[in-house]
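User: I'd like to go through the labels used for this structure and see what backs each of them. Could you set the values against the cut-offs for me?

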Amino acid sequence: MNREHLESAAAGYPYLRGLLSVPLGLVLILSALGNWDVGPLRDPWVFVAAAAVIGASALLVNRYYGEYFGRVTPSQRRQRRSAVAAAAGVAIMVGATFLLRSRAAWSLDLPVNPIPAAFAALMLVYYAAVVGLRPHHVLIWGAVLVAGLVPLWNGADPSNVGLVMAGAAAILNGVFDHLALVRVVAPPASPAAGPGNHGG
């Protein structure tokens, strides 16, 4: 498969560059560990350095996709749809977080974990609006949504646990997205050894 054909085949699947979700998930988990003052993360500079390393890894992942799968520029229509879906998702996430459980006077103050629930809703809205939901999207983010809305989150603020849940789900979802991309537009394998290179 030549590069032109590869980029054409990948045009509908820019969201499947799932390994880019791994740094996002790691940052969410890192934030929770920092909030918990785990080990050296008590030092703000250690947290900043760790976040910078994760950010650098995202650049390497993006470079990997460019080199092995080509560069794809979505159509303006798809870009607009993606921007609207992202904005709507963020609005849902922020609004739901404050509504379900917060210190706001108008909060319902329910025994739920709003961060994973709202983040899962954001992801489901985004995928549904931009590219259509795949089974692993529904399974992973649906499970996170249900887990966050189960009314058993009593006691202390569960936000950090929610960040870990969202981070782990982002990593898992990213791996499945990447595998889907490989199945659709896998780069060509290295040429096999010629007949004259066989031993014996």
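User: Why is Glu67 called partly exposed?

Analyst: Glu67 has a relative accessible area of 43%. Buried means under 20%, exposed means over 50%, and partly exposed is in between, with a 1.4 Å probe and protein chains only. The value of 43% falls in between, so Glu67 counts as partly exposed. A word on the source: this is a predicted model, where local features need pLDDT of at least 70, side-chain atom pairs count only at pLDDT 80 or more, and totals for chains, interfaces and linings use all residues. Residues are numbered from 1 along each chain as its sequence is written, and side-chain values use heavy atoms, with hydrogens and water left out.

User: What makes Arg63 and Glu67 a salt bridge?

Analyst: Their closest N and O atoms are 3.0 Å apart. The rule asks for a side-chain nitrogen of Lys or Arg within 4 Å of a carboxyl oxygen of Asp or Glu, so the pair qualifies. The count by this rule is one salt bridge. Arg63 and Glu67 are four residues apart in helix H3, which means about one helical turn separates them. Helices here are DSSP runs (H or I, at least four residues), numbered from the N terminus.

User: How do you know that Tyr64 is partly exposed, and what is it in contact with?

Analyst: Tyr64 also lies in helix H3, residues 44-69. Its relative accessibility is 28%, so it counts as partly exposed. Leaving aside neighbours within four places in sequence, Tyr64 is in contact (heavy atoms within 4.5 Å) with Leu19, Phe69 and His178. Leu19 is 45 residues from Tyr64 in sequence, with 9.7 Å between their C-alpha atoms. Tyr64 also forms one aromatic cluster with Tyr65 and Tyr68.

User: Why is the pair of Tyr126 and Tyr127 called edge-to-face?

Analyst: A pair of aromatic rings is described by the distance of the centres and the angle of the planes. Rings of Phe, Tyr and Trp (its six-membered ring) pair if their centres lie within 6.5 Å; planes under 30 degrees apart are stacked, over 60 edge-to-face, and the rest tilted. The count by this rule is four aromatic pairs. Tyr126 and Tyr127 are 6.0 Å centre to centre, with 75 degrees between the planes, so they are a pair and edge-to-face.

User: Is Tyr127 buried or exposed?

Analyst: Tyr127 has a relative accessible area of 4%, so it is buried.

Note on methods. Helix = DSSP H or I, 4+ residues; strand = E, 2+ residues; numbered from the N terminus.
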